[in-house]
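Visitor: I would like to learn how to read an interface between two chains, step by step.
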Amino acid sequence: MVEISALELSALLGGELLGDPDCRITRIGPLLGADATTASFLSNPRYATQLAQSAAGCVLVAPAMREAAAQRRSAIVCPDPYLAFARLTQWWAARVRRPAVPGVHATAVVDVSAAVHETASIGPLVVIGADARIGARAVIGPHCAIGEAAVIGEDTRLHARVVFGDRCIVGARGIVHSGAVIGADGFGFAPDQGRWEKIEQLGAVRIGDDVEIGANTCIDRGALDDTVLEDGVKLDNLVQIAHNVHVGAHTAMAGCVGVAGSARIGRHCTVGGGAIVLGHLELADHVHISAATVVSRSIHKPGQYSGVFPFDDNASWEKNAATLRQLHALRDRLRALEKKTP
Amino acid sequence: MVEISALELSALLGGELLGDPDCRITRIGPLLGADATTASFLSNPRYATQLAQSAAGCVLVAPAMREAAAQRRSAIVCPDPYLAFARLTQWWAARVRRPAVPGVHATAVVDVSAAVHETASIGPLVVIGADARIGARAVIGPHCAIGEAAVIGEDTRLHARVVFGDRCIVGARGIVHSGAVIGADGFGFAPDQGRWEKIEQLGAVRIGDDVEIGANTCIDRGALDDTVLEDGVKLDNLVQIAHNVHVGAHTAMAGCVGVAGSARIGRHCTVGGGAIVLGHLELADHVHISAATVVSRSIHKPGQYSGVFPFDDNASWEKNAATLRQLHALRDRLRALEKKTP
Amino acid sequence: MVEISALELSALLGGELLGDPDCRITRIGPLLGADATTASFLSNPRYATQLAQSAAGCVLVAPAMREAAAQRRSAIVCPDPYLAFARLTQWWAARVRRPAVPGVHATAVVDVSAAVHETASIGPLVVIGADARIGARAVIGPHCAIGEAAVIGEDTRLHARVVFGDRCIVGARGIVHSGAVIGADGFGFAPDQGRWEKIEQLGAVRIGDDVEIGANTCIDRGALDDTVLEDGVKLDNLVQIAHNVHVGAHTAMAGCVGVAGSARIGRHCTVGGGAIVLGHLELADHVHISAATVVSRSIHKPGQYSGVFPFDDNASWEKNAATLRQLHALRDRLRALEKKTP
């Protein structure tokens, strides 16, 4: 069991301790459902009423909540409680999770020409191809398949059954979740009298440092050049990144996003769940796409962009949708009226 | 080969037999394409003309179709032919499918601390982590990876290469299709000066009894509390369930649905294919979402909800879409006209 | 290293050689970034300015670009440079990729009743079920699971960890990318007093020749009849094909498309990324669906069809979307005005 005092917590996270320094914490959790041994946090002032209701032994709060927090058993005032809480989860996870065992599991199938660092952990039933390189302290989960000449950076973790294709590269401290497929062929065909002639995909995937890739997400290899994810990119589950896409540093995409071929997404962008970005477009840095929006042309200016049909009860939607199909005609009728009306 | 008489069928399914009790059935199939040894069903009166055209030896029909069915070689009248047919497919499947062999395949890698019931079937190349528990008659397909302290209930079947994460739980009689990833990390990060700081996901996934989960579907573990699927939930393929989502009992979601974090979906809901439910929303019981609809606010009233741009030939769509971008201005022009017109 | 002269290239691809026949090519790549040993192509006249800027040693061009190409070190004039380039990528790939080794890897688990052709290559940790048949020169990647009585055609390649279900069939020269699940259960349930009763899925999946299926794509088995993909179908990643769908020959679907049950898609269709086709619809041959369009009724006429909410900056979108919810009422107000205005 993990145990930490409020005092130790404040030292770890760097805030100002209020109340009982000996308050003993053995859990971390949300304000609601917390008990006297729970450390929790309040980052959004909207949930301030939860603070009063919560039994949490220690709460991380922003300076604005100092007064309310001072009434409690213990609290830590810090400039960004959400960030402090993120760091606390990392500290916690390192204590509750079993560390990976360095070495190659007896059932793994590792090509003799592969270079596996002695501190790396290769799980059961992993397959590693010729000339692959696995960095120091990397963890390769069960059933992963690492292609020929692929490179896995230091401290990067592949969860169970990731496919990491030939010649693809991921940097340091990456996380790839189960079922992700890095380096499948891009979808490229030349039409030939009603049939499709395959364009072999000869590029690879290059992924920077500190990148996280979600479960069952696919990142295709480039046709000729590489598909690129820069440092700090975060992709959620079931995301599709087509061939030759370039994703700028620290851009994050939520689940079910699809990015078509050769799109170029800037740095520090966010793409909401289920959004689609069409091919060969450019998105500037700091562009934010709302969930389920279809981006059909390039965006050169930072900002929030949206495009979703507002949902309604079915009967209302049907009426509006039917009328929408005559919208252009309605506009013409309006114009005609305007001309008639002095 | 499976063989059953019309009489035995009526006893099995509990309806009233019309016609030849000895009619011999060796296939089940749709009305069209049926032959004299096929059992079929008619549940939708829209397809009544297919009944006359069908050569099926025995047909399950509703009481309303009794007269037409009496003309046939054999028929079974039952209150809900679709439900009766569902039960028949189950009886049939149990006879045509090879039963799983109890025991642990020689190539499986099972931690010594895992508790595998002696009647469970563990397929080839399965990996089972420390302290995991596999219930009676459970079937674990090839290449599955079961995490530490995970629990698989009685009679639950995991098809090939399901990843079932640490501490996640599934109840009895569940079915998880190939490629599903249960318990990957939720997508949680705290922003820190343009970078993303990972919030370790310390919750798990708790799944009730009689739940079915489709191929390559992802259900993320909770951040602090658990992600929950109640009893009888049915999810199709390529569905994304984010961290801390709660899905009420007997709710069904079709393929490619995405549900964002902390959404709370009621009981007996249906969500059509490709729909997106945004985070932190609540859907009441008996809410039905049409395919591809984006649910952007909570729904407190049962009913059918929709929100899809009606498709059209491309030229018409382009005109209407372009006009839609001026819709608010059109409204203002209409108002101005209304003021001018006495 | 692969090396070819411009003269050999022209013989291989069948065009007219201009310039230096001895120009030595060791790379293929896009016009931008090319060097004197790179073969490139120009198929889209829009990129003609790139031709002048490119250092490529040899460029494949259409007859219309003959004059510009004649100024270069070497060029090949051919009727369809994109198609010629596709063929060149195939020739190239055959030289740079390590050929699969015939035979069964020592770690594969192959049922004794399976028939594996002696020229087929079965990778490490593959599982092959009873009575399965693997054709000549087929390549089965690591961690694939081939079901009972499944059939893999000649020269077909399954990349790593494809699940290919019981009794499913794929023809010759197919490619199935990693993580694809062929033959999971269709999503079929009969409602029974608020619960869902499973309809066992007794059909299979039948796939023709020259079909390519993307990473993590799912193709469900039919309920009673089979799900069918005809010859030459190309599916991108994360596509969902539900039970009993029929996809006509040479139809292509981009990433994240969902096709609901029993839809019947014609031949030579294209479906853009993220589009949804509802169940039981028919699409004629040569129908083209734009990305992210929801097809909610059958389409009987060839052509391009679209239906996407045009995205905008968030503030503009909000105004237009809010007004859209009153569109039908606006139409009525317009009508009333029209009646008043002589």
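Guide: What follows goes through the interface of chain A and chain B.

This is a predicted model, in which local features need pLDDT of at least 70, side-chain atom pairs count only at pLDDT 80 or more, and totals for chains, interfaces and linings use all residues. Residues are numbered from 1 along each chain as its sequence is written, chains are lettered from A in the order in which they are written, and side-chain values use heavy atoms, with hydrogens and water left out.

Visitor: How many residues does each chain bring to the contact?

Guide: With contact taken as heavy atoms within 4.5 Å, chain B gives 74 residues and chain A gives 71 residues.

Visitor: What area is buried between chain B and chain A?

Guide: The size of an interface is often given as the accessible area lost when the parts come together. Buried area (the accessible area, with a 1.4 Å probe, that two parts lose on being put together, summed over both) is about 5,900 Å² between chain B and chain A, with carbon and sulfur atoms giving 64% of it. In chain B, the most area is lost to chain A by B:Phe187, B:Trp196 and B:Leu224, which together make up 11% of what that side buries.

Visitor: How many salt bridges are counted between chain B and chain A?

Guide: A salt bridge requires a side-chain nitrogen of Lys or Arg within 4 Å of a carboxyl oxygen of Asp or Glu, and the count between chain B and chain A is eight. One of the salt bridges links the side chains of B:Arg333 and A:Glu338, at 2.8 Å from N to O.
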